[in-house]
Amino acid sequence: MAQDNLNRDQATARIRAAVTQDLLSGRISLLLGWQKGLFWWRSRPLFARSQQDLERLVWDSFCAVNLSRYLPEELSIEERVGILVKGCDARAFHRLLQDRMLDRERVLLYGLPCPGMLDYRLLAEAGVKEAEQMLEEGEELVIQTGGGEERRPRTDFLLEKCRLCPHPDPVVYDQLLLPPGEPWMDPASRFQDLEARERPTPAERYAYWSGELQRCLSCYACRQVCPACSCRECFAEQQEPRWLGKGAGLNENMLFHIIRVYHGAGRCIECGECQRACPVGIPLLELSRRLAKDIEELYGPYEAGMDPEAPPPLLTYRPEDPAAFPEK
Amino acid sequence: MIRYIQESRLEELFRILSRRGPLYLPLAEGPSLSFRPWSEGAPVDLKTVNSTVSAKEIFLPREEAYFCYRRAGRELALEPLEQEAANAVAFGLRACDLRGLEMLDRVFKDQDPPDGLYLRRREQTAIVALACAEPAPYCFCSLFGIDPARAGGADLQAWWHGEGLCLKALTAAGEELLSSAGELLHEGPAGAEEPPRVETGNFGLKLEGLPAGLRERFDDPVWEELYRSCLGCGACTYICPTCYCFDLEDFGHQEKGERYRCWDSCMFREFTLMAGGHNPRPTRKERVRNRFLHKLQYYPERYGEIACTGCGRCLRSCPVDLNIVQVIRALGGESR
Ligand code: SF4
Ligand code: SF4
Ligand code: SF4
Ligand code: SF4
């Protein structure tokens, strides 16, 4: 997390300088990055084709959108695409690479060690309404409210996807633009929070998840944003045969989510974009992480998106794998 | 006459109102807030501005059945479905929710013939509007001439005052709600005859030139840029108070089943996919353009008013921060 002596403006300037060169020289024809959104607490994707576009580039504490999701489509238009990658964007890149959704040679990856992105909801709860009320000092946040000044660890305000992220530094890049940081979550203990919230019986699990999933709108933002959801036609919308009704009932919602997460089992890179995208705040990351935990328990240590040569456990067979079917 | 109720006694009011029929209130569901039928102990939240999903779902639910069908041999029987109890109350709608309802009314109610399902819910539901004491940072309803403290089309206007709610009847149905509460209500405090005025920001937008100028801008390069980040989900349309597209489906099999309608979204590829495989809106570009031109051009051309209430929901919920404000700005509707 030590972004050393570089503050965000300096870091942004350094990134801009590096990518400007490549864009102007024609090494890349498009740069995928972030620009400021409508509010100070949001940054949105930037599709830069000119130096003028690049003036809008930002690297701040709100660049949560995972950019790799855009690569397959942009590569169908552009010759060579440059992309800024945080830890989760980089693992998403591996996901797409392994799923043969893109051509490694046509992508230039600029690595950005990620400090973790902040959650406006948590900031607002702590009384931060204006950008000026909040100062980032290394791993601390200095908050000015009516009541005075308060110092809190930055990790208190991370998006859940970031708080749980064991690999904030990109695992793949062509060029690292900022100094590597210090992770705040040990990969070996990354399921501890799940163990603490175990729901031992099927009835408890059913009750919990029906409570959460009944409010699903079937808007499919979780699917659209997901780097592991790569089907050209989702079963949810297939007409012939029809698997899923279009209605909003719990049955339909459950079926959609069960198939969605199972399809991601051992492939999901735990970027948490599904949860961040969900308009009604369903804890989708927990659902995916529960499966990731099962996969580890059944097949041994595995983290998707770390190594593109390591095939996902459910796509391989080893004689020592646990028997999938009970003996007759 | 203004009536008053202590916040601590609202639960009792809800109990009385829910005796008449379903009482819809903004209920917390995890971090989300939606209008749902109240029941004892439900987590009501009348403070947060505003609900995650707009109040349209009271009148145009996510899913609603028309009838059952049953087939025996060559006979086909259609049976109407059990109707939900009459005399509903929708409590806690914001001024922008009411404006949204006005827009849906033109589409479903003020037609010949009107839409039966919508009309029934609309006519049987009394509406209690709640003034916004403090708009959210996303709110920009003032741009559309909405006064957050004075909702048009409600039966009763409520506003916070001290430790309770002031209530002012606007229609006979509103009077009736008040009298049903009887002893629970006191005389309103002196000096609280009217809800305090509130204004929202407007993000520096101006609406002159919209929609007239848009006809020529169907092929404007601006759409090429705007659509790129869009993921093609349905989040923005499902939460929006003025989006009303739906689909018809059957649930069941040849012998027996239900015909229902449910929300649909122009942001989905399948929305315009035709038999035979042709799609007149083949990419996200056409879909994004349609969503925003529907708000800014098609609806106003037909009904005379821009189909946005400034509720800010798409500002809050779009996962990639693509929203109506950005679009209006990109189309040049900015005064700064
Ligand atoms: S993003 Fe949320 S509401 Fe939308 S389909 Fe996924 S779980 Fe449902
Ligand atoms: S504008 Fe945003 S919410 Fe709407 S479909 Fe596109 S990504 Fe989803
Ligand atoms: S377009 Fe956005 S701001 Fe306007 S009514 Fe719809 S959700 Fe609200
Ligand atoms: S947009 Fe206006 S009416 Fe709607 S919640 Fe905000 S302030 Fe209230």
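Visitor: How do the residues of the shell around ligand 3 divide into nonpolar, polar and charged?

Guide: Ala, Val, Leu, Ile, Met, Phe, Trp, Tyr, Cys and Pro count as nonpolar, Asp, Glu, Lys and Arg as charged, and the others, Gly among them, as polar. The shell around ligand 3 divides into 7 nonpolar, 2 polar and 3 charged residues. This is a predicted model, in which local features need pLDDT of at least 70 and side-chain atom pairs count only at pLDDT 80 or more, while totals for chains, interfaces and linings use all residues. Residues are numbered from 1 along each chain as its sequence is written, chains are lettered from A and ligands numbered from 1 in the order in which they are written, and side-chain values use heavy atoms, with hydrogens and water left out.

Visitor: Which residues surround ligand 3?

Guide: A residue is near a molecule if one of its heavy atoms lies within 4 Å of it. Around ligand 3 stand Phe140(B), Cys240(B), Pro241(B), Arg291(B), Lys295(B), Cys308(B), Thr309(B), Cys311(B), Gly312(B), Arg313(B), Cys314(B) and Ile324(B). Two or more residues of this shell come from each of α8 (284–303) and α9 (313–317) of chain B. Such helices (H or I, at least four residues) and strands (E, at least two) are DSSP runs, numbered from the N terminus.

Visitor: How many residues surround ligand 1?

Guide: The shell of ligand 1 holds 13 residues, and the closest are Cys216(A), Cys219(A), Tyr220(A), Cys222(A) and Cys278(A). This shell has 11 nonpolar residues, 2 polar ones and no charged ones.

Visitor: How is the packing of two helices read?

Guide: Two packed helices are described by the angle between their axes and the distance between the axes. Axes are lines fitted to C-alpha atoms, for helices over the stretch in contact, and angles run from 0 to 180 degrees between N-to-C directions. In chain B, helix α1 (residues 10–17) packs on helix α5 (residues 172–181) at about 115°, with the axes 9 Å apart. That angle makes α1(B) roughly perpendicular to α5(B). Angles under 35 degrees count as roughly parallel, over 145 as roughly antiparallel, 65 to 115 as roughly perpendicular and the rest as oblique.

Visitor: Which residues of α1(B) and α5(B) meet?

Guide: Contact means heavy atoms within 4.5 Å. Leu13(B), Ile16(B) and Leu17(B) of α1(B) meet Leu177(B), Ser180(B) and Ala181(B) of α5(B).

Visitor: At what angle do α8 and α10 of chain A cross?

Guide: Helix α8 (residues 202–213) of chain A and helix α10 (residues 250–264) of chain A cross at roughly 105°, and their axes come within 10 Å. α8(A) and α10(A) are therefore roughly perpendicular to each other. Tyr206(A), Trp209(A), Ser210(A) and Leu213(A) of α8(A) make the contact with Leu250(A), Asn253(A), Met254(A) and His257(A) of α10(A). By class, this contact has 5 nonpolar, 3 polar and no charged residues.

Visitor: Into which domains is each chain divided?

Guide: Domain bounds come from an automatic or database domain assignment. Chain B has domain 1 (3–187) and domain 2 (212–330). Their centres, taken over C-alpha atoms, are separated by 25 Å. Their contact takes 41 residues from domain 1 of chain B and 39 residues from domain 2 of chain B. Chain A has domain 1 (5–118 + 165–176) and domain 2 (187–315). In chain A the centres of the two domains, over C-alpha atoms, are 26 Å apart. Here domain 1 gives 18 residues to the contact and domain 2 gives 26 residues.

Visitor: Where are the cis peptide bonds in chain B?

Guide: One joins Val49(B) and Asn50(B), with omega about -5°. Asn50(B) sits in the loop between β3 (32–37) and α2 (56–59) of chain B. Another joins Asp112(B) and Pro113(B), with omega about 0°. Pro113(B) belongs to the loop between α3 (95–109) and α4 (116–123) of chain B.
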